[in-house]
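Got a minute to go through some labels and the cut-offs behind them?

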Amino acid sequence: MILIDKKIFKAMQEFAKNNHPNEIIVLLRGKRENDNIHITDWLLPPFGTGGNGFATFPTHMLPIDFTIMGTAHSHPSGRLTPSTMDLNNFYGRVMMIIGPPYEKPRAAAYHKNGEQIPIRFSPRQ
Ligand SMILES: [Zn+2]
């Protein structure tokens with residue numbers, strides 16, 4: 001399971017909303033807690049590019065950072081399933097996809113093999 005504070009998710013969702021209809025991509029920072037991954041922060045990848053239908057960043061430019069648990073990107077179409085390209089460009093342990101409507105927490109997360117991971121939004125403010 002992925003645990004993410006609502007407040008952190010909301011900020012990420014706001015960023016996606018502000019860039020709609022372009023895709024955004026961010027790095028998810030956090031820690032492993034037993035079998036769960038707790039996302040505590042997100043940040044912009046260096047040299048990331050967003051566009052209509054794609055959002056990427058050069059992974060070889062990243063410093064080795066073991067607090068990076070994976071990535072989150074938006075699907076402005078609202079479809080929360082990963083594309084083949086998404087799975088081929090997987091970075092880290094988890095991939096989160098967020099999409100409109102951006103009014104309430106809405107996201108899906110996946111393992112590298114495409115298997116879905118449940119997300120729990122923590123109500124902590
Ligand atoms: Zn995608």
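Here is a run of questions and answers on this model.

Q: What kind of model is this, and how are its residues numbered?
A: It's a predicted model, where local features need pLDDT of at least 70, side-chain atom pairs count only at pLDDT 80 or more, and totals for chains, interfaces and linings use all residues. Residues are numbered from 1 along each chain as its sequence is written, and side-chain values use heavy atoms, with hydrogens and water left out.

Q: What makes H73, H75 and D86 donor residues of the zinc ion?
A: Donors are N, O and S atoms within 2.8 Å of the metal (3.2 Å for Na, K and Ca), and because water is not among the atoms, sites may look incomplete. Here NE2 of H73, NE2 of H75 and two OD entries from D86 sit at 2.0 to 2.5 Å, so they pass the 2.8 Å limit. Along the sequence the donor residues follow the pattern H-x1-H-x10-D.

Q: How do you know whether H73 and H75 are buried or exposed?
A: Buried means under 20% relative accessible area, exposed over 50%, and partly exposed in between (1.4 Å probe, protein chains only). H73 comes in at 3% and H75 at 9%, so both count as buried.

Q: What makes β7 a largely enclosed strand?
A: A quick word on names: helices (H or I, at least four residues) and strands (E, at least two) are DSSP runs, numbered from the N terminus. Five of the five residues of β7 are buried, so the rest of the structure largely encloses this strand. V94, M96 and I98 are buried on one side, and M95 and I97 on the other.

Q: How do you know which strands pair with β7?
A: Two strands pair if DSSP finds at least two bridges between them. β6 (residues 68-74) and β7 have five bridges in the parallel sense, with G70 opposite V94. β7 and β8 have four in the antiparallel sense, with I97 opposite A108.

Q: Why are β9 and β10 said to stand at the edges?
A: The open sheet has eight strands in the order β9-β8-β7-β6-β2-β3-β1-β10, with mixed pairing. β9 (116-117) and β10 (119-122) each have a single partner strand, so one side of each has no neighbour in the sheet.

Q: What makes E103 and K17 a salt bridge?
A: The definition asks for a side-chain nitrogen of Lys or Arg within 4 Å of a carboxyl oxygen of Asp or Glu. The E103 and K17 side chains meet at 3.7 Å, N to O, so they qualify. This pair links distant parts of the chain, 86 residues apart: E103 is in the loop between β7 and β8, K17 in helix α1. E103 is exposed at 58%, while K17 is partly exposed at 36%.

Q: How many salt bridges does a search of the whole structure find?
A: Two. K31 and E33 also form one, with the closest N and O atoms 3.9 Å apart, so this pair is within the 4 Å limit too. K31 is partly exposed at 42%, as is E33 at 28%.
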